[in-house]
Amino acid sequence: MNLFMSLCPATAPSFGRFTATAHGNGFRTDSNGRQVYKATEIVASIRNVDGQCDCLVSFGTDKPKLAANMILQRLLSKYGSRFQPDKDPDSLGVLKTADGDLSIQLVTMREAKGQWIGAVVHGKQRCPA
């Protein structure tokens, strides 16, 4: 959860510092250069989707609801009134920036023998090269 906070919301809205911040937090770049990972169970990436940049951190957890609540509490604690509820029922909320509102979503999935949670910040501009 701390890694999500330091990678996605902290480098938004341009995500220009994403790679440097990830490497500073002990992440390594994979062989195709698109994802960074830490100890195989935490994966982070930025990717262009329809001309806009999304920042994603996913990790394994036995308690996805608890993890989601902890992320929500950290967003509220760190950003205060800059993080607000969103009308979209699939959104955790929006982070208010000078460049506009950035939607934050949490996605949970079951894969192999465990559960995963993905925390995503949807940006408004193209990812850095």
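Predicted model: local features only at pLDDT ≥ 70, side-chain atom pairs only at ≥ 80, totals over all residues.

Visitor: How many disulfides does the structure hold?
Guide: A disulfide here is a pair of cysteine sulfur atoms within 2.5 Å. C8 and C55 form one, with sulfur atoms 2.0 Å apart. C53 and C127 form another, also with sulfur atoms 2.0 Å apart. The count of disulfides is two.

Visitor: Is the disulfide of C8 and C55 left-handed or right-handed, and why?
Guide: Look at the torsion about the S-S bond of C8 and C55. Its value is about -75°, so this disulfide is left-handed.

Visitor: How many residues apart in sequence are the parts that C8 and C55 tie together?
Guide: Helices (H or I, at least four residues) and strands (E, at least two) are DSSP runs, numbered from the N terminus. C8 lies in the loop between α1 (2-7) and α2 (18-24), while C55 belongs to strand β4 (residues 52-61). The pair therefore ties together parts whose separation in sequence, in residues, is 47.

Visitor: What is the handedness of the link between C53 and C127?
Guide: Both of these cysteines, C53 and C127, are buried. C53 lies in strand β4 and C127 in the segment after β8 (114-122), so the pair joins parts 74 residues apart in sequence. With 90° about the S-S bond, the link of C53 and C127 is right-handed.

Visitor: Which residue in β8 stands opposite V57?
Guide: Two strands pair if DSSP finds at least two bridges between them. Strands β4 and β8 pair in the antiparallel sense, over eight bridges. β3 (residues 42-49) also runs antiparallel to β4, joined by eight bridges, and there A44 stands opposite V57. In β8, the residue opposite V57 is A119.

Visitor: How many of the 10 residues of β4 are buried?
Guide: Strand β4 is mostly covered. Its buried residues number seven.

Definitions and conventions:
Residues numbered from 1 in each chain as written. Heavy atoms only, no water. Buried < 20%, exposed > 50% of the residue type's maximum accessible area, 1.4 Å probe, protein only.
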